[in-house]
Amino acid sequence: MSVLVVGSMAFDAIETPFGKSNKIVGGAATYIAWSASNFTRPVQLISVVGGDFPREELDMLQARGGQLEGVQVKKDQKSFFWSGRYHMDMNTRDTLETQLNVLGNFEPVVPETYQDTDILMLGNLSPAVQLSVIEQLKKRPKLVVLDTMNFWMETAMGDLEKVLKKVDILMVNDSEARQLSAQYSLVRAAKEIMKMGPKYLVIKKGEHGALLFSKDHVFFAPALPIDEVFDPTGAGDTFAGGFVGYLDNTGDFSFEGMKSAIIIGSAMASFCVEKFGTTRLRELTRQNIDERIQQFIELVNFDIALV
Ligand code: AMP
């Protein structure tokens, strides 16, 4: 089995009420790949970086099972740059700056070796690029998962509507689900969004967990209460990486299989927030992950006597 990840590889500058980072390596595809590689390899990547992107970063990802044939390096251009500032609750943030740079004119090319992929994870990136990757695949993957954000709803809604028609699962946060559907109730939002194409919808609610919707069912996964949330950047992508990595590993794409996958996604996201950028994801061991999954099991497991 294999996962193909499309998304940004970037520099981020992050401000939280508790600290500030310099330019650090981030990007949706980076977080997804670090997270997914704990469950499946290779993780095939499609992205673009500038000449300023550290070669060691790419080497480290490769050593973790990342396949980089689809990552273009534009030597005389600059990498995508994003900066954001978190509010006191660490659940909401403002984008301070988005410099598309190499992403502005990115034309993805799907390498021949990626053609047989089982799961396509379309990480946050321009919907036109996401669409182009879907169209270049000769055989439809067994599962197509899409992440997007308000930026693309505001600047490229027409293309986003086209992509939505071609995906199985949409993964967004609660405010994005509300913006996309023009509904406040998340149940109604889910119904509206599923009319746009996806058969399943995952709504991430930060420290309040995540919801999985299908036409007939809904499931809730909590987020682990964490002592100190240091930097939530990339938590959504790390969640997505755990979700698709686990599904690729089990091959069970049923609603029941997806229920386990969102618990795994939540467990992976809980690591991501503990340190700035991808730092925590890089030091994880199998034992850390197994212990954390066990904590999730204990968190939600209860017996109740009906009286
Ligand atoms: P998350 O916190 O999971 O929503 O993802 C944060 C990551 O998304 C950061 O590392 C950014 O580099 C990346 N990002 C932010 N805005 C965009 C955008 N418009 N397109 C692609 N990637 C983005």
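1. How close do the axes of helix α8 and helix α9 come, and at what angle do they cross? The axes of α8 (residues 235-250) and α9 (residues 255-272) come within 7 Å and cross at roughly 140°. That makes α8 oblique to α9. Angles under 35 degrees count as roughly parallel, over 145 as roughly antiparallel, 65 to 115 as roughly perpendicular, and the rest as oblique. Axes are lines fitted to C-alpha atoms, for helices over the stretch in contact, with angles from 0 to 180 degrees between N-to-C directions.

2. This is a predicted model: local features need pLDDT of at least 70, side-chain atom pairs count only at pLDDT 80 or more, and totals for chains, interfaces and linings use all residues. Residues are numbered from 1 along each chain as its sequence is written, and side-chain values use heavy atoms, with hydrogens and water left out. Helices (H or I, at least four residues) and strands (E, at least two) are DSSP runs, numbered from the N terminus.

3. Back to α8 and α9. Their crossing is right-handed. A crossing is left-handed if the near helix is turned anticlockwise from the far one by less than a right angle, and right-handed if clockwise. On the α8 side, the contact uses A235, T238, F239, G242, F243, Y246 and L247. They meet α9 residues including G257, M258, I262, G265 and C272. Contact means heavy atoms within 4.5 Å. The contact residues divide into 12 nonpolar, six polar and no charged. Here Ala, Val, Leu, Ile, Met, Phe, Trp, Tyr, Cys and Pro count as nonpolar, Asp, Glu, Lys and Arg as charged, and the others, Gly among them, as polar.

4. α8 also packs on α1. The angle is about 40°, with the axes 7 Å apart. That makes α1 oblique to α8. The crossing is right-handed. From α1 come A28, Y31, I32, S35 and A36; from α8 come D237, T238, A240, G241, G242 and G245. This contact divides into five nonpolar, five polar and one charged.

5. Which residues are closest to the ligand? They are S8, D12, G27, G234 and D237, out of 19 that surround it (a heavy atom within 4 Å). Polar contacts are pairs of N or O atoms within 3.5 Å; within protein, one must be able to donate a hydrogen and the other to accept it, and residues adjacent in sequence count only if both atoms are side-chain atoms. A polar backbone atom of G27 is 2.7 Å from a ligand oxygen atom. A backbone N or O atom of G234 is 2.7 Å from an oxygen atom of the ligand. D237 uses a side-chain N or O atom, 2.7 Å from a ligand oxygen atom. D237 also takes part in the contact between α1 and α8.

6. Now α6 (residues 174-181) and α7 (residues 186-195). Their axes come within 9 Å and cross at roughly 55°. The two are therefore oblique to each other. This crossing is left-handed. D174, A177, R178, L180 and S181 of α6 meet L186, A189, E192 and I193 of α7. The tally is five nonpolar, one polar and three charged.

7. Two backbone features deserve a look. Most residues other than glycine have a negative phi, and most peptide bonds are trans. R41 and P42 are joined by a cis peptide bond, with omega about 0°. P42 lies in the loop between α1 and β5. M90 has a positive phi, near 60°. M90 sits in the loop between β7 and β8.
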